[in-house]
Amino acid sequence: MMRCQRTASRGPPFGQGNGAPLNPPMIDSTEDPHPSLSDWHDYEPNLEFDDTELSHPSPEPGTTTVFDDINYSAEFEIPSEDEIIKTTLEADNYEEQLTMVGHDENAIRKDFKRRKFIEFIGTDKQGQPIIAIYACRLPERKDLNSNIFIDFIIKSMEEFVQNDYIIAYFHQGMKDNSKPALQFLWNSYKELDRSFKKNLKKLYVVHPTTFIRMVWFFFKPIISEKFKSKLIYTSSLDELKQSLGLNTLKVPDPVREYVVRNAIHNWNTNWTLVFRFFFLSRLDRFDEKINNGTRYTLRGSKSSLKSSRSLENLPKSAQFGVSLRFIIENSACLNCIPPIVRKCVDHLSLPDVVETEGIFRRSGNYARIKELRAKINAGEEVQLSNEDTHVVASLLKTFLRELEEPLLTYELYEDITQFSEWKTEEQRSRNVKQLLRERLPEENYELFKYIVEFLGKIMERKDFNKMTSSNLAIVFGPNLIWPKQEQMSLDEIGPINAFIDYVLQHQDDIYFVDINKKDRGAYD
């Protein structure tokens with residue numbers, strides 16, 4: 001048994017352009033389809049966006065609009081913006097009216113937040129934050145103030161979009177009275193700044209309908225090729241989980257109900273084939289597999305992959321996907337720091353590397369990261385000097401993210417998510433020190449302290465690498481702590497990032513007194 005020795009150390013996609021084309025392009029059946037995780041289908045009827053504005057464009061202020069209908073024909077004049085202001089804000093009470101509008105805006109924002117139609121649901125295999133948008137939770141169109149809605153979306157996502165990020169849009173369950181108009185969607189898209197579009201790495205459209213695909217073809221001519229490559233259709237939650245690397249995926253009830261209905265529909269449609277496959281044509285093969293102990297699992301089920309991994313005889317040299325205690329007991333760890341962590345930190349601390357702009361904001365090549373991970377777990381020696389900076393940075397984040405238990409432990413999760421409730425500086429300082437000094441296991445304390453001190457060096461070169469304490473907290477927060485069973489929400493990720501930000505800014509005070517000064521001996 002080896003023991004630890006401490007040494008002295010201190011935003012559905014839309015294109016770019018000035019406007020949508022007047023006529024949608026003809027759909028060419030010979031055109032290559034978009035990348036898809038599975039075959040799309042359109043089982044759910046009447047779940048599409050409002051396309052009335054394709055045939056009835058929005059009138060300009062000051063123009064005359066004529067409505068011709070079977071039972072109604074009338075003509076009226078649209079007032080200009082000056083006339084609107086003149087008639088709605090009287091000179092003697094305009095301040096009072098503006099105050100009333102402010103109160104209404106606060107109520108609208110509270111309603112948006114309560115609906116939770118936009119949520120943070122975790123990080124993918126490369127540590128990129130995943131933002132979920134649920135169409136079934138969108139507010140009704142009559143209550144939708146476009147300016148407030150767009151501003152709410154921007155403020156909800158702005159802390160994530162400065163780095164690489166992913167969006168998963170769940171279309172099923174949208175109500176008829178919540179379908180936004182195409183012009184509204186196009187205007188919303190134009191309001192998003194460059195970072196929203198540039199840093200979006202993938203846009204998953206889950207359970208797309210025919211109309212979703214028609215909307216895509218309508219805007220396709222004015223969307224860049226680079227943006228087109230980011231769109232992925234998928235009709236399977238299991239495949240989505242596998243692609244994102246999520247252990248769990250909670251979805252709203254309307255989405256889950258659609259999955260169940262669709263499964264029943266497919267089963268009823270194909271029951272004859274299923275019967276023949278399992279009980280007639282493949283009966284002998286099925287029996288053989290049962291006798292040999294072969295189990296059938298849903299493709300893409302993370303739980304099945306995790307259970308199979310736990311049955312494997314992991315080599316003693318493994319450092320990814322195991323517990324910190326396992327590494328300490330089986331590897332030469334100085335100060336409880338795993339060898340691969342020390343290698344990554346040493347490389348990233350080099351003068352010509354530490355100043356790399358966006359050193360932790362960009363994702364490295366996933367194939368190369370996976371290859372290095374396999375070599376390290378097999379006990380092979382790896383040299384990082386020739387590796388791309390973002391590959392090494394992503395390797396460090398991958399190590400933290402794949403620990404069996406988060407570095408800050410499941411036990412501290414509830415306390416850390418209460419960080420925003422600690423109002424005074426004295427209360428925050430006392431609680432943070434107590435959590436880290438008294439409740440973290442010894443090896444977790446040492447490794448977390450080592451990571452924090454390293455990130456302090458990154459912050460010192462923020463003028464070059466653009467990594468402030470806030471940016472680092474956003475990147476590392478979800479990789480340092482997560483809930484045991486449920487996925488994180490936007491309400492929880494905020495306090496977690498704030499906690500990490502506070503630790504980074506106050507590390508000298510927090511670690512002024514080292515609780516582990518005693519010599520604990522070496523691992524043997």
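**Confidence**

The mean pLDDT of the protein is 75. A value of 70 or more is reached by 69% of its residues. Over residues 271-311, pLDDT is below 50. That stretch still has 23 contacts in the model beyond near neighbours in sequence. Residues 517-524 also stay under 50. For them the model has 27 contacts beyond four places in sequence. Where pLDDT is low, the predicted coordinates should not be read in detail.

**The sheet**

Five strands form an open sheet, in the order β3-β4-β5-β6-β7. Its pairing is mixed. The edges are β3 and β7 (231-234), and each of these pairs on one side only. Neighbouring strands are turned against each other by 25 degrees on average, direction ignored.

Inside the sheet, β4 (residues 129-134) and β5 (residues 165-170) run parallel. They are joined by 5 bridges. Strands of a sheet pair through backbone hydrogen bonds, either parallel or antiparallel.

S178 sits in the loop between β5 and α5 (182-191). Its relative accessibility is 4%, so S178 counts as buried. What does S178 touch, leaving aside its neighbours within four places in sequence? The contacts are L138, P139, E140 and R141. L144 is 34 residues from S178 in sequence. In space, the two C-alpha atoms are 8.8 Å apart.

**Helix α23**

Helix α23 spans residues 469-480. Among the buried residues are S469, N471, L472, F476 and L480. G477, P478 and N479 are buried too.

The buried residues of α23 pack against strand β3 (118-123). They also pack against helices α4 (146-161), α18 (389-401), α21 (442-460) and α24 (490-505). β3 is also an edge strand of the sheet described above.

**Helices α21 and α24**

Two of those neighbours, α21 and α24, also pack against each other. Their axes lie 9 Å apart, at an angle of about 75 degrees. That angle makes α21 roughly perpendicular to α24. From α21, the contact is made by F448, V452, L455 and M459. From α24, it is made by I500, V503 and L504.

**Salt bridges**

The count comes to 20 salt bridges. Side chains of opposite charge can pair when their charged atoms come close. Three pairs are listed here.

| R362 | D164 | 3.1 Å |

Take R362 and D164, whose side chains meet in a salt bridge. This pair links distant parts of the chain, 198 residues apart. R362 is in the loop between α16 (351-354) and α17 (366-377). D164 is in the loop between α4 and β5. R362 has 24% relative accessibility and so counts as partly exposed. D164 is buried, with a relative accessible area of 4%.

K375 and E371 are 4 residues apart in helix α17, so about one helical turn separates them. K375 counts as partly exposed at 28% relative accessibility. E371 counts as partly exposed at 38%.

R439 is partly exposed at 29% relative accessibility. D415 is also partly exposed, at 26%.

E105, R109, D151 and K155 are linked in a network of salt bridges.

Note on methods:
Residues are numbered from 1 along each chain as its sequence is written. This is a predicted model: local features need pLDDT of at least 70, side-chain atom pairs count only at pLDDT 80 or more; totals for chains, interfaces and linings use all residues. Side-chain values use heavy atoms; hydrogens and water are left out. Buried means under 20% relative accessible area, exposed over 50%, partly exposed in between (1.4 Å probe, protein chains only). Helices (H or I, at least four residues) and strands (E, at least two) are DSSP runs, numbered from the N terminus. Contact means heavy atoms within 4.5 Å. Two strands pair if DSSP finds at least two bridges between them. Axes are lines fitted to C-alpha atoms, for helices over the stretch in contact, and angles run from 0 to 180 degrees between N-to-C directions. pLDDT is the predictor's confidence in each residue, from 0 to 100. A salt bridge is a side-chain nitrogen of Lys or Arg within 4 Å of a carboxyl oxygen of Asp or Glu. Angles under 35 degrees count as roughly parallel, over 145 as roughly antiparallel, 65 to 115 as roughly perpendicular and the rest as oblique.
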